[in-house]
Amino acid sequence: MRRLRVKEACTGRRGKEPVLRSHLIGGRNSVSFATRTEAPLNISIRKAGRATILDLEGPLKLGDAEESFRNQVQQLIDTGSTHVAVNLAGVTELDSSGIGALVRSFTSLKRAGGKCTFYAPSKRVMMLLKMVRLDSILDLAEDEAGALTRI
């Protein structure tokens, strides 16, 4: 078996300019992160007595989703709605930025003299909150009725 020189190995031919071939970068098998789009986080707002309920639908991850959630909570604080229940049943994905947004909303509402309760997390979201030991810090309820009694 003959050993190929580097130039031949890159081009597959003798005497031609080297052409780098990679099946991971720029080839058919690669993933373009620039064109990848994330599903948006939909936030529905409703009132139940003195509490404001935020229904979250979609991934709560780094980027627009996390930023829109933080902005929504800040708007509620600015308008005086400091008793908030957050429905986590529709959260499909949660990353560290999303967890940080939950913690920030909890502490911001508490500092503003209000209360924040999270309810109905999926098994996956609950597992993540337990992994980072926030299940004992954040106010978590199983359902909406339980969350509203805590507010």
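Reply: From the N terminus on, the elements of the protein chain follow the order α-β-β-α-β-α-β-α-β-α, which comes to five helices and five strands. The model is a predicted one, in which local features need pLDDT of at least 70 and side-chain atom pairs count only at pLDDT 80 or more, while totals for chains, interfaces and linings use all residues. Residues are numbered from 1 along each chain as its sequence is written, and side-chain values use heavy atoms, with hydrogens and water left out.

Me: What makes a stretch of chain a helix or a strand here?

Reply: Both are DSSP runs, numbered from the N terminus: a helix is a run of H or I with at least four residues, and a strand is a run of E with at least two. The run 140-141 therefore qualifies as strand β5.

Me: How do you know which strands lie at the edges of the sheet?

Reply: Two strands pair if DSSP finds at least two bridges between them. The five strands form an open sheet in the order β1-β2-β3-β4-β5, with mixed pairing. β1 (42-48) and β5 (140-141) each pair on one side only, and these are the edge strands.

Me: What makes the crossover from β2 to β3 right-handed?

Reply: The term applies if, with the strands pointing away from the viewer, the path from the first strand over the helix to the second runs clockwise. Here the chain passes from β2 through α2 to β3, and this β-α-β crossover is right-handed.

Me: Why is β2 described as largely enclosed?

Reply: A residue is buried under 20% relative accessible area, exposed over 50% and partly exposed in between, using a 1.4 Å probe and protein chains only. Nine of the ten residues of β2 are buried, so the rest of the structure largely encloses this strand. In the protein chain of 151 residues, buried residues make up 36%.

Me: How do D139 and S96 compare with those limits: is each buried or exposed?

Reply: D139 has a relative accessible area of 15% and is therefore buried. S96, at 61%, is exposed. D139 is found in the loop between α4 and β5, while S96 lies in helix α3.

Me: What makes the D139 and R150 pair a polar contact?

Reply: A polar contact is a pair of N or O atoms within 3.5 Å; within protein, one must be able to donate a hydrogen and the other to accept it, and residues adjacent in sequence count only if both atoms are side-chain atoms. The side chains of D139 and R150 make such a contact at 2.6 Å, so the distance is within the limit.

Me: Why is the largest group of nonpolar residues called a core?

Reply: A nonpolar core is a set of buried Ala, Val, Leu, Ile, Met, Phe, Trp, Tyr and Cys residues joined through side-chain atoms within 4.5 Å. The largest such set has 27 residues, and those with the most contacts inside it include L56, F69, V86 and F118. At least two of its residues come from each of β2 (51-60), α2 (64-78), β3 (83-94), α3 (96-111), β4 (115-119) and α4 (123-131). Another core, of seven residues, lies apart from it and has I53, A85, A141 and A147 among its members.

Me: Which residues does F118 touch?

Reply: Contact means heavy atoms within 4.5 Å. Not counting residues up to four places away in sequence, F118 touches V86, L88, L102, S105, F106, L138, D139, L140 and A141.
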